[in-house]
Amino acid sequence: MSADPHCIFCKIVARTIPSRVVYEDEEILAFHDIHPSAPVHFLIVPKRHIASMAHLGPDDEALLGRMMALAPRLALEQGCRPYPDGGFRIVLNTGEDGGQEVHHLHLHVMGGPRPWLKG
Ligand code: 5GP
Ligand code: ZN
């Protein structure tokens, strides 16, 4: 499993940096965002270091699909109300213009009663 020694999310995956984990399997870790923008705000990341969505290859399609497919279940478990009155937002920032600050691929999953800090 490839890790970048300077990457903060690789350190979270390795448990060198603590986080509030909400889900884990062989390929994926989900944990609460340290600065939540909504009442529910967690991140879903691949355990393997992939710098951004611009770095995805054909072999990563299933992984990204699994990350996306996990979101509805974890959102409900973390307190989002069910669709259609509830729901959640997925954000995947990519590159500087895309607003990406941590260069290890991650989905933001945000939900809960509004107003939210962002959006
Ligand atoms: P980006 O702007 O790259 O899409 O989002 C990075 C997110 O990672 C931000 O929402 C930020 O709050 C979160 N974050 C940055 N450092 C840490 C950390 O050490 N722990 C956790 N749990 N979240 C972090
Ligand atoms: Zn990383």
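Of the 16 residues around ligand 1, those that come nearest are Asp33, Asn93, Glu101, His106 and His108. A residue counts as near if one of its heavy atoms lies within 4 Å of the molecule. The model is predicted: local features need pLDDT of at least 70, side-chain atom pairs count only at pLDDT 80 or more, and totals for chains, interfaces and linings use all residues. Residues are numbered from 1 along each chain as its sequence is written, chains are lettered from A and ligands numbered from 1 in the order in which they are written, and side-chain values use heavy atoms, with hydrogens and water left out.

A backbone N or O atom of Glu101 lies 2.7 Å from one ligand oxygen. For a backbone N or O atom of Val102, the distance to an oxygen of ligand 1 is 2.9 Å. His106 takes part through its side chain, with an N or O atom 2.8 Å from a ligand oxygen. Taken alone, ligand 1 exposes 520 Å², and the protein buries 86% of that. These areas come from the Shrake-Rupley method with a 1.4 Å probe.

Two elements give two or more residues to the shell around ligand 1: helix H1 (8–13) and strand E2 (28–32). Both are DSSP runs, numbered from the N terminus; helices (H or I) have at least four residues and strands (E) at least two. H1 supplies the largest share, 3 residues. By class, the shell holds 7 nonpolar, 7 polar and 2 charged residues. Here Ala, Val, Leu, Ile, Met, Phe, Trp, Tyr, Cys and Pro count as nonpolar, Asp, Glu, Lys and Arg as charged, and the others, Gly among them, as polar.

Backbone geometry was examined next. Most residues other than glycine have a negative phi, and most peptide bonds are trans. The bond from Tyr83 to Pro84 is cis, with omega near 10°. Pro84 lies in the loop between helix H2 (61–77) and strand E4 (88–91). Arg114 and Pro115 are also joined by a cis peptide bond, with omega about 10°. Pro115 is in the segment after strand E5 (107–111). Arg15, a residue other than glycine, has a positive phi near 70°. Arg15 sits in the loop between H1 and strand E1 (21–24).

Terms used:
A polar contact is a pair of N or O atoms within 3.5 Å; within protein, one must be able to donate a hydrogen and the other to accept it, and residues adjacent in sequence count only if both atoms are side-chain atoms.
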